[in-house]
Amino acid sequence: MKPTSTDPRILSLAAEVAKSPEQNVPVILLKLKEIINSTPLGSAELKKIKRDIYCYDLIRYCLLVLSQDCSRIQGGWTTISQLTQILSHCCVGLEPGEDGEEFYKELLPSAAENFLVLGRRLQTCFINAAKGEEKDKLLHFFQIVTDSLFWLLGGHIQLIQNVLQSDHFLHLLQTDNVQIGATVMTLLQNILQINSGDLLKIEGKTLHSILDEILFKLLSTPSPVIRSIATKLLLVLAESHQEILILLRLSACYKGLTSLLNKQETMTEFSRELRQLVDLLTPKIHQEVEEQKLHKAACLIQAYWKGFQTRKRLKKLPSAVIALQRNFRSKRTKTLLELNRQKEEEDLRLNLQLQRQRAMRLSRESRLSMLEIVHPGQVEKYNREMEEKSALIIQKHWRGYRERKNFRQQRPSLTEYKAAVTLQRAVLKFLAKCRKKNNLVTSWHGLQELSDARRVELKQQVDDYVRRHPGSEMSDVASRELHAQTQERLQHYFMGRAIEERAQQHREALMAQISTNIEQLMKAPSLKEAEGKEPEHFLSRSRPVAAKAKQAHLTTLKHIQAPWWKKLEESGDEIDVPKDELSIELGTLFIGGTKPP
């Protein structure tokens, strides 16, 4: 969001940058230096100008110019160095307002990274330059870029950690040139004076690389300037950070550092700082021995304790792994079962839905096909039959539901009845066993013998019964006549039975033929779709049937073609068709129904 009252110089400059071609933008941006220098430092007007410059994206234009190739920019390194000064002065003391997150997280890190990249380019050009004057100019530009970076870091301390972790800064620090190396070491010293605590926040590998490079320049560089700066840097780091001092003392990487420092020649410029550094790295012998003993004892205790803990964990590891595997497999099995169950339910639901849709579609297709096949006069009959079938199906399902419901309600009483029957059966079996057992136990008395008087009495009773009920006597002739009549009736019965069976078989054959014809008619295509000799298959072989069909067809046609007022009069009467019209084209239309003479 652009401010309401903007400096007219910023407005005109932004409009000029927007309208000008790309090659003229760097030179136009240099006018920002005059605007900034004309305003007193620390004033509210200067803050307002910086905010206007940021709001109109002139700072981003400066960043874009710095990322370009210097050979394509008018003025070369002179313009770029001045733009770095402008960019650093604009960013320091700027209050972005609503766009603070974008300014602090994107623009400032990008500006610091661009400064380091420019430093590497100037370093490469300085090393490759042949003339002394050109080298002096490039060194001057390099110092301007480093000063601009230091000014930016002084205004935004949070960028120090990004700069120290950058590969470009480490590459600048590892240069072999004395002048470039002195400038970079001075920049590092100034940065650490601002906030040396950020050095411990960077990664351990990067910290070791910086310390190694400082020690390398102290021990291997013949330049006293670089050695003095390196000594002061190490002294500041060792005094301000106990962790770095312990690292330089006890680390295996810097084991012979103290002896190498003692062998260095004492120069008047930094002999005092070198002696202080050596004293820091070489404490008293007794104290060092005690510290070493304590360190070894602590290491030994930690080793034994860690070994005990490790062995304890290793003993519990198999059971823990087994339990973990068991839990994981059971959980995976439950998950797979649940997924399979859900998939089966979904498939079943989809299949049921498809079956319902398919059944509905088939029902509708069959109804449409039946409407096409069935004679118009038979449609109502067909609809009545379908309604009756549907009603029967609905009644059947309703009765089944009702009976199942009643059965569920009567289930307790039925269970009680079955239990009572089972108990009664068991009791009856038990009583029968008891009676049988009692009968077996009773003694056998045998049959009572009959006396002579009793035998005479019984014989007299039998003779009286025979005398009172004499048997019917029939002669041989009457028996033969009765037998002949019986045989005749049996023969007549069997002959009539055979005729009746043949008639029944004939009726069944006719019914089967009618059913077959009806089925063929229902499945037959319409007359529009019939081709070839298909209609001849459905001709009747009976002349009365053909005549009746012809009469019904002509009656329907006349009824359709008659005016509406005749239809009202003939609503209940049948139309008589002359016999002459029935005989017209009877031979051609009903060839299958004619019989040879």
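Two residues are in contact when heavy atoms of theirs lie within 4.5 Å. Keep that in mind for the views below, which show a predicted model.

**View 1. Leu107 and the residues it touches.**
Start with Leu107, which sits in helix α7. Leaving aside residues up to four places away in sequence, Leu107 touches Tyr54, Ile59, Arg60, Leu63, Cys91 and Glu102. Pick out Ile59 from that group: it is 48 residues from Leu107 along the chain, yet their C-alpha atoms are separated by 8.8 Å. Is Leu107 buried or exposed? It counts as buried because its relative accessible area is 2%, and the cut-off for buried is under 20%.

**View 2. The whole chain, for orientation.**
Step back for a moment to see where the close-ups belong. The protein chain has 24 helices and 0 strands. Of its 597 residues, 25% count as buried. Among contacts with a separation of 6 or more, 73% are between residues 24 or more positions apart. The chain exposes about 43700 Å², and carbon and sulfur atoms supply 57% of that area.

The largest cavity has a volume of about 60 Å³. To find it, look for Phe115, Leu116, Gly119, Phe142, Val145, Thr146, Leu149, Phe169, Leu172, Val184 and Leu187, which line it. Sorted by class, this lining has 9 nonpolar residues, 2 polar ones and no charged ones. Gly119 is in the lining, and Gly goes into the polar class because the grouping used here puts it there.

**View 3. The helices around the cavity.**
At least two lining residues come from each of α7 (100-128), α8 (132-155), α10 (167-173) and α11 (178-194). Which helix gives the most to the lining? That is α8, with 4 residues.

**View 4. Thr146, one of the lining residues.**
Zoom in on Thr146, which is found in helix α8 and belongs to the lining of the largest cavity. Its relative accessible area is 9%, so Thr146 is buried. Not counting residues up to four places away in sequence, Thr146 touches Thr183 and Leu187. Leu187 is itself part of the cavity lining. As for Thr183, it lies 37 residues from Thr146 along the chain, and the two C-alpha atoms are separated by 7.9 Å.

Ser228 is found in helix α13, which covers residues 224-240. Is Ser228 buried or exposed? With a relative accessible area of 10%, Ser228 is buried. Next, find Ala182: in sequence it is 46 residues from Ser228, and in space the pair is 9.8 Å apart, C-alpha to C-alpha.

**View 5. Two cysteines, Cys299 and Cys434.**
To finish, visit two cysteines. Cys299 counts as partly exposed because its relative accessibility is 36%. Cys434 has a relative accessible area of 29%, so it is partly exposed as well. How many disulfides does the model have? The count comes to 0. A disulfide would need a pair of cysteine sulfur atoms within 2.5 Å.

Conventions. Residues are numbered from 1 along each chain as its sequence is written. This is a predicted model: local features need pLDDT of at least 70, side-chain atom pairs count only at pLDDT 80 or more; totals for chains, interfaces and linings use all residues. Side-chain values use heavy atoms; hydrogens and water are left out. On a 1 Å grid over the protein atoms alone, a cavity is a set of points where a 1.4 Å probe fits but cannot get out, and a pocket is an open set with protein on both sides within 12 Å along at least five of seven lines; lining residues have an atom within 4 Å of a point. Grid points are joined across faces, edges and corners, and a volume is the space filled by probe spheres set on the points. Buried means under 20% relative accessible area, exposed over 50%, partly exposed in between (1.4 Å probe, protein chains only). Accessible areas come from the Shrake-Rupley method with a 1.4 Å probe; for residues, only the protein chains shown count as cover.
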